[in-house]
Amino acid sequence: MNGMMRQPKGTDVLVIGAGVNGLATAWRLAQAGARVTLLERGPVARESSWAGAGILELLLPWHYPAAVARLAVLGQRLWPQWIAQLEAATGLDAQYRVSGLLVAGPVETDAAGDWARRYGRRLLPVPADLVAAASPLADEYAGGLWLPEAAQVRNPRLARLIESALRAAGVAVHPHTPVMRLVSAQGRIVGVETPAGRYTAAQVVVCTGAWSGWLLSGLAAGLPIRPVRGQILLLAGSPGLLPCILWRAGRYLVPRADGLVLVGSTLEEAGFDKSTTAEAAAELLAFAHAAWPPLRKAAPVRQWAGLRPAAPGNVPIIAPHPQIANLWLNAGHFRYGVTMAPAAAELLAAQMLGGPPPLDPAPYAWPAGMRDEPFRQGEVT
């Protein structure tokens with residue numbers, strides 16, 4: 001075959017990028033009966049999907065525009081049923097749990113109340129037992145808010161769960177298969193070039209996060225999705241040392257069931273540099289000790305960084321290319337790719353398959369200034 005990889009006959013969709021949004025998109029389309037092939041340049045879900053904290057909540061939800069809030073709330077509502085189906089299909093555990101979110105004071109109570117009423121979310125005073133546990137910061141936390149429905153997942157386990165379900169459903173998952181070129185002709189993508197050969201399909205979906213602008217450089221010049229580095233510190237505590245997710249002064253703490261605690265995170269314009277810094281580690285550790293003094297008993301065990309795909313207004317693009325009939329984009333979710341993943345997949349699938357969309361797709365279209373820009377036909381690097 002002259003080095004060319006034999007493709008499954010009749011492949012309907014190529015999904016490029018196996019982060020959580022690529023995995024969720026492939027799963028939703030496969031469940032709808034499409035034959036799907038998933039390509040990933042490295043290991044599955046090893047970029048921002050692995051690096052994030054797994055908080056299934058906006059931080060803070062009343063700070064974001066309606067387009068972001070609607071997508072996040074739909075994702076939060078869908079995750080329990082999605083995870084139940086995925087776990088039933090695989091026997092694996094994503095460690096989804098509702099742990100609640102304590103927002104330290106002072107807070108914008110009017111804005112928070114408006115958000116809770118608009119989206120049907122519960123918003124309460126901080127429970128007395130949490131206030132007592134926060135000593136000597138009890139007064140500060142007594143003036144905060146409690147979001148009892150806030151949940152979390154363990155990102156790497158969630159990714160393994162979806163990947164296993166995809167393979168069990170017959171989806172061809174190809175890690176370590178970087179896409180080098182998209183080939184276009186007559187207003188369509190006619191091939192995807194990889195070191196293993198050319199892949200073809202009726203539809204192509206790009207879910208490559210912060211790398212989307214690079215992959216689509218010739219088809220979407222100036223795509224406004226950029227990397228924003230976030231560093232996280234991991235502490236080894238004991239179960240129950242921190243009873244809930246905690247937000248204070250722009251940073252967060254996330255307790256895992258086994259006693260590990262994630263401390264995050266930085267927001268850095270560092271391009272595609274994923275290195276970590278001693279300065280960030282020191283800042284995060286100082287924050288953890290100040291925000292929840294019992295964490296002084298928890299030892300730092302690891303530090304890492306990921307690259308969030310930031311889009312203008314934090315609104316992702318979940319839409320067809322304005323000029324290429326069979327090219328789709330699902331990217332730009334910034335800090336909330338895991339939170340939004342099932343909602344984004346449902347919205348994209350509805351547009352691709354012609355079903356009723358769960359949300360108005362208009363806010364997630366390509367930026368108006370890009371819709372009439374010319375693009376190059378042929379091989380795009």
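## Strands S18 and S19

Two strands are said to pair if DSSP finds at least two bridges between them, and the strands and helices themselves are DSSP runs (E, at least two residues, for a strand; H or I, at least four residues, for a helix), numbered from the N terminus. Strand S18 (residues 317-320) and strand S19 pair in the antiparallel sense, over four bridges. Within this pairing, Ile 318 stands opposite Asn 330 in S19, and a hairpin of six residues joins S18 to S19.

## How the model is read

This is a predicted model, in which local features need pLDDT of at least 70 and side-chain atom pairs count only at pLDDT 80 or more, while totals for chains, interfaces and linings use all residues. Residues are numbered from 1 along each chain as its sequence is written, and side-chain values use heavy atoms, with hydrogens and water left out.

Strand S9 (residues 181-185) and strand S10 run antiparallel and are joined by five bridges, with Arg 181 standing opposite Glu 193 in S10. These two strands form a hairpin with two residues between them, and Gln 186 in the turn has a positive phi of about 55°.

S10 is also joined to strand S11 (residues 197-199) by three bridges, again in the antiparallel sense, and here Val 192 has Tyr 199 in S11 as its bridge partner. S10 and S11 likewise form a hairpin with two residues between them. Strand S10 (residues 188-194) is mostly covered, since five of its seven residues are buried, where buried means under 20% relative accessible area, exposed means over 50%, and partly exposed lies in between (1.4 Å probe, protein chains only).

## Aromatic pairs and charges over rings

Rings of Phe, Tyr and Trp (its six-membered ring) count as a pair if their centres lie within 6.5 Å, and planes under 30 degrees apart are stacked, those over 60 edge-to-face and the rest tilted. By this rule there are six aromatic pairs. One of them has the rings of Tyr 64 and Tyr 336 with centres 5.3 Å apart and planes at 85°, so this pair is edge-to-face. It links distant parts of the chain, because Tyr 64 lies in the loop between strand S3 (55-56) and helix H3 (66-90), whereas Tyr 336 lies in the loop between strand S19 (327-331) and helix H10 (337-353), 272 residues apart. Tyr 64 counts as buried at 16% relative accessibility, and Tyr 336 is buried with a relative accessible area of 2%.

A charge sits over a ring if NZ of Lys or CZ of Arg is within 6 Å of the ring centre and within 35 degrees of the ring normal. Arg 41 lies over the face of Trp 211, at 4.5 Å from the ring centre, and Arg 46 lies over the face of Trp 50, also at 4.5 Å from the ring centre.

## Gln 76 in helix H3

Gln 76 is placed in helix H3 and counts as buried, at 12% relative accessibility. Leaving aside residues up to four places away in sequence, Gln 76 touches Leu 56, Glu 57, Leu 58, Arg 121 and Thr 339, where contact means heavy atoms within 4.5 Å. A polar atom of the Gln 76 side chain lies 2.9 Å from the backbone oxygen of Leu 56.

Conventions: A polar contact is a pair of N or O atoms within 3.5 Å; within protein, one must be able to donate a hydrogen and the other to accept it, and residues adjacent in sequence count only if both atoms are side-chain atoms.
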